[in-house]
Structures are given as structure tokens and as C-alpha cells.
Amino acid sequence: MTEQAADQADWPTEIRLARDKRTLHVAFASGAAYALPAEYLRVESPSAEVQGHAPSERKWLPGKREVEILAVAPVGNYAVKLTFDDMHDTGIYAFDFLRRLGEEQATRFSRYEEELAARGLSREPARRR
């Protein structure tokens, strides 16, 4: 497959926010499709606020189980910007990053839960603990 054909296969054919605002549905020209929970997108935000500037600076965010996506806005021809109800809106989700999040969802989310547990933190919002 040529690089151009690979890029076209990674192009999203649909990016749709569910009515409950808790799932972003993303489908790609290759046929791959993912239902990405808002919590997962929030805690994996590509922003420096979450990822830091080095792996050792990664933040593990507790209390995001009920977070919702308020807005999905296009960024050029390569990404979307998500605004969450906790007012986080600094991450730019490139299409290839969304695909990677879909492909690696089980592994990444399991790691997130393990890291929270190791720190004595919970996915539940503070008012529910």
C-alpha cells in the first residue's frame, strides 16, 4: 500500500457525538470503527496538561467517569478539538491519534485503571465517593 493509500484509509468517514454526549463514534475509510467513551478521550487527551512534556510528567486524572463532551470542532483537515464539561479543551485529536486510541483502547484504559488504583484514586467523581 502506498503512503497516500494508507493516509486515505486512515481518513475518517464519520465523527459523531452520541446523544448522551458520552461517546464519540469514529469510522474510517478502511472500515475500522470505534466507539470512544468521553472518559477515555478525556484521560488520554493529547494536551500537555495531561501528557506533560515527557513520559514522567504524565498526569493520571481521577473522577472522570461521568465527563461529557460538549463540543466537537474541526481543526484544519487533520483533527478535531473536543470540549469537555469539566472545561478541558486544549487537546487536538489528530485523526491518526483517534485511530490509535480506538486500536489501543483496551490496553490504554486498563493501564489507566491500574495507575489510578496504584495511587489510591478513583474514576468516580468526588461527589459519588
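Visitor: Which residue lies over the face of Trp 60?
Guide: Arg 58 does, at 4.1 Å from the ring centre. A charge sits over a ring if NZ of Lys or CZ of Arg is within 6 Å of the ring centre and within 35 degrees of the ring normal. Arg 99 likewise lies over the face of Phe 28, at 5.3 Å from the ring centre. Keep in mind that this is a predicted model, where local features need pLDDT of at least 70, side-chain atom pairs count only at pLDDT 80 or more, and totals for chains, interfaces and linings use all residues. Residues are numbered from 1 along each chain as its sequence is written, and side-chain values use heavy atoms, leaving out hydrogens and water.

Visitor: What makes the pair of Tyr 40 and Phe 109 edge-to-face?
Guide: Rings of Phe, Tyr and Trp (its six-membered ring) pair if their centres lie within 6.5 Å, and planes under 30 degrees apart count as stacked, over 60 as edge-to-face and the rest as tilted. The structure holds five aromatic pairs. In this one the centres are 6.1 Å apart and the planes are at 65°, so the pair of Tyr 40 and Phe 109 is edge-to-face.

Visitor: Which parts does that pair tie together?
Guide: Tyr 40 is in helix H2 (residues 38–43) and Phe 109 in helix H5 (residues 105–118), so the pair links parts 69 residues apart in sequence. Helices here are DSSP runs (H or I, at least four residues), as are strands (E, at least two), numbered from the N terminus.

Visitor: Why is the pair of Phe 109 and Tyr 112 called tilted?
Guide: Their ring centres are 5.5 Å apart with planes at 55°, so this pair is tilted. Tyr 40, Phe 109 and Tyr 112 form one aromatic cluster.
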